[in-house]
Amino acid sequence: MTSRTALADPQDITRDCVTLAEVVAARAAETPDAVPVSVAGRTVTYGELHAAGNQVVRALADRGLVPGDRVALVMTNSVAFLQVWVGVGAGGFVEVPLNVALRGALLADQLHRSGARVVVVDAGLAERVRQVRGDVPDLQHIVVVDADAGLQSVLEGVSSAPVTVEVDPFDPSSIMFTSGTTGPSKGVVRSHAADFTLARTTIQIMGYGPDDVLYSAFPLYHLNAKFNSVLASMVCGARLVLHDRFSASTFWDTCREEGVTAFNFMGALLTMLLKQPASDRDRDHTVRCAYGAPAPAELLRPFEARFGVQLVEVYGSTELGIATMNAVDDRVIGTSGRAAPYVELEIHDADDRPVAAGTTGEICVRPRRPGAIFDRYHDMPIQTLEAIRNLWFHTGDRAWLDTGGGLHFVDRMKDAVRRRGENISSFEVEKVVAAHDAVAACAVVGVPDEVSGEEVAVYVIAQPGEAIDPVDLLDHCQTDLPHFAVPRYVVAVAEFPRTPSQRVEKYKLREAGLPADVWDREAAGYEVAR
């Protein structure tokens, strides 16, 4: 078998493992009754996971699958999801975890393009799969999992005897579909080596160990929960508390009850916690650190001061895993950290030439060793070549590097607004708008203008019981934004068009154009100070 690529302590019993199933087998041999994870209040032991994983391999083989075949999962966070995932890895199959919000044509498209022969689906979602089965010619079996019984009925009578399948670390482990905010979703092909690189790097930068209790409420069909949480916790011997949804109002109570020491964050999670009413119990917990992005200084400092939790910001993606990283003992606040040791990172201009420190351009990354990042986009050779042109993976994100190599994220390239010669970061405008007390969520886009090229429009969703006063909102914006970045248009909406992974589909806002009742600061006579 090809040599392992993962970072590992010589005493680590998982050091020679290639798949999650091998980690589970190693832990089961040592401590079969240990509980590595609780999912939505249900616990499972290493011994139970190992036995169920072997049964899953045999059940899939009985349906005619061979190593390399794809198995789609349309499942919410559950013990059953973990059991299927373990079995897929043990059998050398390729997992295709799909967003549970998919339905209709988009669900059919991802099932079809993945080439999945089997789909394992929660009973409550099974009808969606049945409705599109005729559009998925490769799909041969639909395995329905009961919410209460889990895999018990599916695996009844199937042997749990150990299964031995030789799996290479560079074999594909999964096809994970990206959001597709600016075009068709892409199936990111990841190897087992890339998964372990991500998990072990997370352990390294966070200092995780067997005494830790991790928490996540992100879905198992995404990278973050799978490898930064489940795989990382099992490799280092920690315990994971996995929920199926996040609640800001009960989060700290959960941390106290479970003895949580670390959690993951993405998007607005930190902001949601900061907007909760202050309490004399804000530091009454055992959480020491949290991992994720974004964590700009103006958010990080008040969060750490209030809750006493150290935030560790990184930059990455489904394709890259972790590309730049801070660490609990080595942080540069205000940056996403420096390049991970297994990748090279440069900022390139429009002609794909590296730029000097302090100059904004596209983040480009390439691996220093095999298996460090994704392999390709599944069945999309042209898009793969375009993304990895000139031997660099082009992220589509804009940033700049400081003289110490720290990455300063600016924006998604498609989300920048070009107004009168100024490049305006929608990310930065959204950050300011979101800090307004009446705003629950916002999205900034550029709209065409004959004079300015583009003008800034902000779409806002109000907090429950609140109304958006455009004048008050722009007064707020003027305190933190340059005059050219203050929005011209304010559009109050009840909801945003979103992808199944809940990213705002800004291209749909652009395509729809401004509504007739849009608030225009120029028409209203509002003056922006210069």
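**Notebook: aromatic rings and charges**

I began with K226, which lies over the face of W85, 3.8 Å from the ring centre. My rule for a charge over a ring: NZ of Lys or CZ of Arg within 6 Å of the ring centre and within 35 degrees of the ring normal. K186 lies over the face of Y377, at 5.6 Å from the ring centre.

This is a predicted model, so I note the limits: local features need pLDDT of at least 70, side-chain atom pairs count only at pLDDT 80 or more, and totals for chains, interfaces and linings use all residues. Residues are numbered from 1 along each chain as its sequence is written, and side-chain values use heavy atoms, with hydrogens and water left out.

Next I looked up ring pairs, and found 13 aromatic pairs in the structure. Rings of Phe, Tyr and Trp (its six-membered ring) pair if their centres lie within 6.5 Å; planes under 30 degrees apart are stacked, over 60 edge-to-face, the rest tilted.

I checked Y215 and F251: edge-to-face, 5.3 Å centre to centre, 75 degrees between the planes. Y215 sits in strand β9 (residues 213–216) and F251 in helix α9 (residues 251–258), 36 residues apart. Helices (H or I, at least four residues) and strands (E, at least two) are DSSP runs, numbered from the N terminus. Both Y215 and F251 are buried. Buried means under 20% relative accessible area, exposed over 50%, partly exposed in between (1.4 Å probe, protein chains only).

I then listed one aromatic cluster: Y215, F246, F251, W252, F263, F303 and F307.
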